[in-house]
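Subject: Structure for you to look at

Hello,

I am passing on the structure we spoke about, followed by notes on what was found in it. Please read them with the structure open.

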Amino acid sequence: MFGFLLRRLAVLIPTFIGVSIIAFSFIRLLPGDPVALLSGERVMSPERHALISQQLGLDRPMVIQYLDYLGGVLTGDFGSSIVSKKPILDQFLALFPATVELSLCAIIIAVALGIPAGVIAAIKRGSFFDQALMGVALVGYSMPIFWWGLLLIIFFSGILQWFPVSGRISLMFFFPPVTGFMLIDSLLSGQKGAFASALSHLALPSIVLATIPLAVIARQTRSAMLEVLSEDYVRTARAKGLSPFRVVGIHALRNAMIPVITTIGLQIGVMLAGAILTETIFSWPGIGKWMVDSVFRRDYPVIQGGLLLIAGIIMLVNLIVDLLYGLINPRIRH
Amino acid sequence: MKYKLTLAAALLSATFFASAASAKTFVYCSEGSPEGFDPGLYTAGTTFDASAHPIYNRLLEFKPGTTQPEPGLAESWEISQDGTVYTFKLRQNVKFQTTDFFTPSRTLNADDVVFSIGRQIDAKNAWNQYIPGAAWEYAAGMGFPELIKSVEKVDDLTVKFTLNKPEAPFLANLAMPFASIMSKEYADSLDTAGKKEQLNQMPVGTGPFVFVGYQQDAVIRYKKNPDYWGPAPKIDDLVFAITTDAAVRYQKLQAGECHLMPYPNAADVQSMKTNPNLTVLEQEGLNVAYLAYNTTQAPFDKVEVRKALNKAINKKAIVDAVFQGMATPAKNPIPPTMWSYNESTQDDAYDLDAAKKMLADAGVKDLSMKVWAMPVSRPYMLNARRAAEIIQDDFAKIGVKVEIVSYEWAEYLDRSKAKDRDGAVILGWTGDNGDPDNFLDTLLGCNAVGGNNRAQWCNKEFDDLVKKAKVASDQSERTKLYEQAQTVFKKEAPWATLDHSLSVVPMRKGVTGFTQSPLGDFTFEAVDIAE
């Protein structure tokens, strides 16, 4: 298992360097000069433009800029935002817990509903339930997040007034962040009603963000289960007189889980992309919104630093998924 | 679960409004995050609303609801005969805010003014680069480094600015957010502690509200400044709930989660007006959108051609299609809310037959041209492509073929400046300081050719008038000069003026004391909430 871990880690290093090159160069391939954007419609004189470019180090050759950047990253310095002038890592660390909290809730919803739904659909293949479920999953998968989020807000917050419209907690609660996770911080604050408020704020954005992964997981579970349920050993297990719950829950599901876990791992990446839109709609102060704003402002350090940190996290999640395979299927360890 | 959540939400909103009523908390659903809290470093209105207006003051302030500067931290001032020396007398006993992180030991004095302005104009000032890459963009944009020769302390309550040349808009410039006055004592204490960058994160000023805390991209909190030198704010707490999407802001306003919101979607305004819980304020914005011909390129170098094309633009259709009526067609290059707006100029009436004839008389046949459409939505032009399509359609009717082009925003701004640029560019401007110079010389002066002057139009008569107005100190004299300049502009038609958009502010019924600013600022020192 240790050797397996080392092999996986060795692959991560070139991947990380590759990502850093892509993150660094792609944003520079886009048209648009970050220094010129600082002044907007107000024209900047060429002398001033040159001075600011120099102060920001943007006048140096790309290779030097990249090596300098990489050197900084290796020592934990991701640079500072051109616009806000704040260190990237500080901003990332302040915003990332919000994205993780939202994504975790969403993935819990997606897994908790997606896997049972997929299993039931597979067992009742061809039934009304199966067809309805797969129809709903297809709709969920195709739903534009922006529209779906707004629809939920209008219905549940605007008309029914069951949930707050946006934000992470009611404005009446004010406590300094300890972990950055609002659910935990609200409990730690000891303020009455804070946890319930945080939870009610989390509900709609989690549902929106969970929609696509839920659909994908349900469909994937269904097809994996169908395949496994037709295997000989399942028929043998049934023939032995095992209870349907043991056949499906223990024998079939465990084998069907391998592709499902892969899907869940991949959905983490999809979710971070989805978080960009979800966070925008629900005014959720996470990294998605921060990155989008930075792209529009051509804030190079934020985009490249943010991309690198996000990529690092996705790589880490994939590594964990790989290790989980090893736990479920011992053959993979070798 | 459903019922529990409903109950929790109900309890929360009840508690929120109960506490809001007892402590009078005003919630503003702001449209974005501030870039920082040192207004000198930034140019965005969103940043100024969160920093300059609640926390700081300036030597002069714009009188609420107008673009007229009035005494702020400076009680009075004198201007030398030649218009180059401004001597300001500061208000006495103005206290800086006491916060959790700073307790001032003295009141406002001339050192604070010298510090606040000096760091922005002198590259050698120890605070010029307190944040690496600090560009002091607004001070540079208003020409402060070249204009101000020196800023000196005469005595504790007297400051003297010496200019390199007379400049009439200087007083208005000092009322702009970037010229906010900061505490030198606080800056010194940060310097000693080796935490200079904190000046941009934990602000201390003399304004009506004290900064309490900022949770990035989510909430900014302020409380009433008990030591404020001006009329005491009527609310106890001010909260900015950052909500970037306009549709979501509207939902929050409807749900009572905030009291006031900026920048609604044009499509929502009608429904806001019929909502019994809301009041909608409207005012013409201090802006203009225009189509700038390149007056150095044939055939647009001919006045008759420009006039003919202007006659073929249906501005009413643009205003209706792009703004759903939330704008007015523009005839002058400055908005009607600005002093010196010339009421007597005649706009080129929409008349396709006359336009066609004028083109034929000018000897122009089978004209093909480009119309540049901005890729972004700005307050003065929400959808440039739609406007360009309307222009394209109209021009086709007089035999002019239009190709619509667009570029990424920074590219667009850069390429459209080129002196040999082809075609006509849709662009616009939002006023900085309410001074006509900020439109007429900035956008149409000879020295702006190759820069902000997208028409590349250098007309001696016009330029002489605006340059003369820039140095005249008497406002009635300046008004006359600017009115004449607008007449020349209309006669020469370097632009087709398109629209002035309306600024629309929806708020909850019961909110009182809010005044719309023609400059687009959102300030809350006078607001109150009916209980």
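How many residues of chain B are in contact with chain A? There are 50 of them, and they touch 51 residues of chain A; two residues are in contact if their C-beta atoms, placed from the backbone, lie within 7 Å.

First, some conventions. This is a predicted model, in which local features need pLDDT of at least 70 and side-chain atom pairs count only at pLDDT 80 or more, while totals for chains, interfaces and linings use all residues. Residues are numbered from 1 along each chain as its sequence is written, and chains are lettered from A and ligands numbered from 1 in the order in which they are written. Helices (H or I, at least four residues) and strands (E, at least two) are DSSP runs, numbered from the N terminus.

The side of chain B that touches chain A

The elements of chain B that give two or more residues to this side are helix H1 (2-23), helix H5 (137-141), strand E9 (219-224), strand E10 (237-241), helix H9 (246-254) and helix H15 (409-415). The largest share, nine residues, comes from H1(B). By class, the side of chain B that touches chain A has 23 nonpolar, 16 polar and 11 charged residues. Here Ala, Val, Leu, Ile, Met, Phe, Trp, Tyr, Cys and Pro count as nonpolar, Asp, Glu, Lys and Arg as charged, and the others, Gly among them, as polar.

Chain A

Chain A has 13 helices and zero strands. Its C-alpha atoms fill a box of roughly 85 × 55 × 40 Å, taken along the principal axes.

An unreviewed UniProt entry gives the annotation "domain: ABC transmembrane type-1" for residues 96-325 of chain A. In the model, residues 96-325 of chain A are 80% helix and 0% strand, with the end C-alpha atoms 27 Å apart. UniProt (unreviewed entry) also places the feature "transmembrane region" on chain A, including at residues 95-123 and 302-328. UniProt positions are given in the numbering used here, feature names are shortened, and annotations may be inferred rather than shown by experiment. Residues 95-123 of chain A are 100% helix and 0% strand, and their end C-alpha atoms lie 42 Å apart. For residues 302-328 of chain A the content is 100% helix and 0% strand, and the end C-alpha atoms lie 38 Å apart.

Two packed helices are described by the angle between their axes and the distance between the axes. Axes are lines fitted to C-alpha atoms, for helices over the stretch in contact, and angles run from 0 to 180 degrees between N-to-C directions.

Helix H10 (residues 232-239) and helix H11 (residues 244-281) of chain A pack at about 150°, with their axes 10 Å apart. H10(A) and H11(A) are therefore roughly antiparallel (angles over 145 degrees count as such). H10(A) passes H11(A) in a right-handed crossing, one in which the near helix is turned clockwise from the far one by less than a right angle. Tyr233(A), Val234(A), Ala237(A) and Arg238(A) of H10(A) meet Val247(A), His251(A) and Ala252(A) of H11(A). This contact has five nonpolar, one polar and one charged residues.

Helix H7 (residues 145-159) and helix H9 (residues 194-229) of chain A pack at an angle of about 150°, with axes 10 Å apart. The crossing of H7(A) and H9(A) is right-handed. Residues making the contact include Trp148(A) and Phe156(A) of H7(A) and Leu204(A) and Thr211(A) of H9(A). The contact of H7(A) with H9(A) has eight nonpolar, two polar and no charged residues.

A sheet in chain B

Chain B has an open sheet of four strands in the order E1-E10-E9-E8, with mixed pairing; two strands pair if DSSP finds at least two bridges between them. Strand E1 (25-28) and strand E8 (209-215) of chain B are the edge strands, each pairing on one side only. From one strand to the next the twist averages 20°.

- E1(B) and E10(B) run parallel and are joined by four bridges; Tyr28(B) has Phe240(B) as its bridge partner.
- E9(B) and E10(B) pair in the antiparallel sense over five bridges, with Ile220(B) opposite Phe240(B).
- E8(B) and E9(B) are antiparallel over six bridges, and Gln215(B) is the bridge partner of Val219(B).

Backbone details in chain B

Most residues other than glycine have a negative phi, and most peptide bonds are trans. Lys24(B), not a glycine, has a positive phi of about 50° and is found in the loop between H1 and E1 of chain B. A cis peptide bond, with omega about -5°, joins Ala298(B) and Pro299(B).

Regards

How values were computed:
Angles under 35 degrees count as roughly parallel, over 145 as roughly antiparallel, 65 to 115 as roughly perpendicular and the rest as oblique.
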